[in-house]
Amino acid sequence: MPKILIVEDNELSRDMLSRRLRRRGYEVTVAVDSSEAIASVTTDRPDVVLMDLSLPEMDGWATTRILKNTEATAGIPVIALTAHAGPGDREMALEAGCDDYDTKPIELTRLLAKIHRFVCSPEVVSSGDYHTH
C-alpha cells in the first residue's frame, strides 16, 4: 500500500484529503508544519509528499528545499499544493525542488493521477516530465 504524507496546517483540508486518499487504499500520515514534515519524511519514508506551500513558521518551499538537499530524502517525490495559484507560483515550486504542482481546491481525480505517476512510475521523478493541467 503506497504511503502518502500530507503536510497541511489547515485541519479541515488535511482531514478531508486524508479521508479521501485512505478510501482509495493509500496509507496516509499527516504533518501540520515543516518540522513535523521533515521528521516524518526522514523516519516514515513516504512514497509521495503532498506539500502545502503556505505553512506557518517555515513555508513549503523552504521545507521542500531541505528535503531535496538531504541525501536520504532527496528522491522522495513532493507535489506542491497551494490555494495561491498566481503567476510564477508553479515555477517557484518546481525551482524549490517540488516534482509537481497542483492547486486548491483539490480536484481529486487530477491529484490522484499525479500521485499515481510517482507511485507507479518512479523513473518519472528524475525525468523532469511535468504535466500542466
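**View 1. Aspartate 102 and lysine 114, a buried pair.** Both aspartate 102 and lysine 114 are buried (under 20% relative accessible area with a 1.4 Å probe, protein chains only; exposed is over 50%, and partly exposed lies in between). Salt bridges that share partners join Asp100, Asp102, Glu107, Arg110, Lys114 and Arg117 into one network; a salt bridge here is a side-chain nitrogen of Lys or Arg within 4 Å of a carboxyl oxygen of Asp or Glu. Between aspartate 102 and lysine 114, the closest N and O atoms of the salt bridge are 3.9 Å apart. This pair links distant parts of the chain, with aspartate 102 in strand β5 and lysine 114 in helix α5, twelve residues apart. Helices (H or I, at least four residues) and strands (E, at least two) are DSSP runs, numbered from the N terminus.

A note before you zoom in further: this is a predicted model, in which local features need pLDDT of at least 70 and side-chain atom pairs count only at pLDDT 80 or more, while totals for chains, interfaces and linings use all residues. Residues are numbered from 1 along each chain as its sequence is written, and side-chain values use heavy atoms, leaving out hydrogens and water.

**View 2. The surroundings of aspartate 102.** Aspartate 102 has a relative accessible area of 2%. Its side chain makes a polar contact with the side chain of arginine 110 at 2.7 Å (a pair of N or O atoms within 3.5 Å; within protein, one must be able to donate a hydrogen and the other to accept it, and residues adjacent in sequence count only if both atoms are side-chain atoms). Leaving aside neighbours within four places in sequence, aspartate 102 is in contact (heavy atoms within 4.5 Å) with Ile79, Ala80, Leu81, Thr82, Arg110, Leu111 and Lys114.

**View 3. Aspartate 100 and lysine 114.** Aspartate 100 also forms a salt bridge with lysine 114, with 3.6 Å between the closest N and O atoms. Aspartate 100 lies in strand β5 and lysine 114 in helix α5, so the pair ties together parts 14 residues apart in sequence. Relative accessibility is 0% for aspartate 100 and 4% for lysine 114.

**View 4. Aspartate 52 and lysine 104.** Another of the eight salt bridges in the structure joins the side chains of aspartate 52 and lysine 104, at 3.2 Å from N to O. Aspartate 52 sits in strand β3 (residues 48-52), and lysine 104 in the loop between β5 (100-103) and α5 (108-120), 52 residues apart. Aspartate 52 is buried, at 3% relative accessible area.
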